[in-house]
Amino acid sequence: MTNAHSRKKQPQRVRRQLLEVAARLSLEQGIAALTLDAVSHAAGVSKGGLLHHFPNKSALLDGLFDDLVTRFDNAIDEAMARDEIEKGRFTRAYLGVCFALDAEAEAQGWQVLTIALLAEPHLKARWREWVARRTAEFAATDGSANCLLARFAADGIWLADLMGSHDIDRPTRAILLQRLNALSLE
């Protein structure tokens with residue numbers, strides 16, 4: 001009996017491992033260089049095991065997207081639950097999550113998502129759908145030009161963090177976040 005047949009199957013752990021490895025390899029080598037062979041080898045999973053979870057590269061990228069966007073949504077929802085002021089609540093949560101991305105252990109995953117969004121047309125479309133859905137969901141409370149401006153600024157911080165284009169110290173980040181939060185209340 002081989003080791004594969006005697007060990008306990010843990011499909012969720014294997015799936016998580018494949019996504020983590022794919023994210024790391026995407027960040028190190030770029031989305032274009034990401035191959036199923038490279039992911040299966042680096043994860044120590046057979047190609048068949050990888051194909052069980054992700055039948056092709058597009059499915060793997062979709063899996064990365066789904067995983068990261070689900071975590072992004074959950075973080076936003078958790079932040080909203082802590083905010084007692086309805087007006088601009090979604091915007092403040094979005095700001096808080098985006099500003100915290102550089103400090104999180106998961107920052108590399110967000111970098112991969114952003115790179116993938118820039119590189120893969122079908123992921124751009126999925127991101128546009130997410131933005132449209134969440135924007136419509138909170139149009140009554142976060143539909144002002146000031147809320148939109150604040151979210152655009154958060155996207156700029158996210159991109160600046162990704163590119164390493166600006167060295168923004170913690171006190172300055174805190175001031176920027178405070179001012180953008182104030183916009184969400186106007």
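Leaving aside neighbours within four places in sequence, Arg134 touches Asp73, Ile76, Asp77, Met80 and Phe90. This residue belongs to a predicted model of a protein chain that contains 11 helices and 0 strands. Arg134 sits in helix α8, which covers residues 121-137, and at 4% relative accessibility it counts as buried.

**Overall architecture**

- Read from the N terminus, the elements of the protein chain run α-α-α-α-α-α-α-α-α-α-α.
- Of the 186 residues in the protein chain, 38% are buried.

**Salt bridges**

- The whole structure holds 11 salt bridges.
- Arg134 and Asp77 form one of them through their side chains, with an N to O distance of 2.8 Å. Arg134 lies in helix α8 and Asp77 in helix α5, so this pair ties together parts that are 57 residues apart in sequence. Asp77 is partly exposed at 36% relative accessibility, whereas Arg134 is buried.
- A network of salt bridges links Asp73, Asp77, Arg133, Arg134 and Glu137.
- The side chains of Arg126 and Asp62 also meet in a salt bridge, at 3.1 Å from N to O. Because Arg126 lies in helix α8 and Asp62 in helix α5, the pair connects parts 64 residues apart in sequence. Arg126 is partly exposed, with a relative accessible area of 25%.
- A further salt bridge joins the side chains of Arg16 and Asp67, at 2.5 Å from N to O. Arg16 belongs to helix α2 (residues 11-29) and Asp67 to helix α5 (residues 57-82), so the two tie together parts that are 51 residues apart in sequence. Arg16 is partly exposed, with a relative accessible area of 31%, while Asp67 is buried, with a value of 13%.

**Helices α6 and α10**

- The axes of helix α6 (residues 89-100) and α10 come within 9 Å and cross at roughly 10 degrees. Angles under 35 degrees count as roughly parallel, and α6 and α10 are therefore roughly parallel to each other.
- On the α6 side, the residues in contact are Phe90, Thr91, Tyr94, Leu95, Cys98 and Phe99. They meet Cys147, Ala150, Arg151, Ala154, Asp155, Ile157 and Trp158 in α10.

**Nonpolar surface**

- Leu118, Leu159 and Met163 make a nonpolar surface patch of about 320 Å².
- Leu159 is located in helix α10, which spans residues 145-163, and is partly exposed, with a relative accessible area of 41%.

Definitions and conventions: Residues numbered from 1 in each chain as written. Predicted model: local features only at pLDDT ≥ 70, side-chain atom pairs only at ≥ 80, totals over all residues. Heavy atoms only, no water. Helix = DSSP H or I, 4+ residues; strand = E, 2+ residues; numbered from the N terminus. Buried < 20%, exposed > 50% of the residue type's maximum accessible area, 1.4 Å probe, protein only. Patch = residues over 30% accessible without salt bridge, like charges linked within 9 Å, V, L, I, M, F, W, Y side chains within 5 Å. Areas by Shrake-Rupley, 256 points an atom, 1.4 Å probe, with all protein chains shown as cover. Salt bridge = Lys/Arg side-chain N within 4 Å of Asp/Glu carboxyl O. Axes fitted to C-alpha atoms, helices over the stretch in contact; angles between N-to-C directions. Parallel < 35°, antiparallel > 145°, perpendicular 65-115°, else oblique. Contact = heavy atoms within 4.5 Å.
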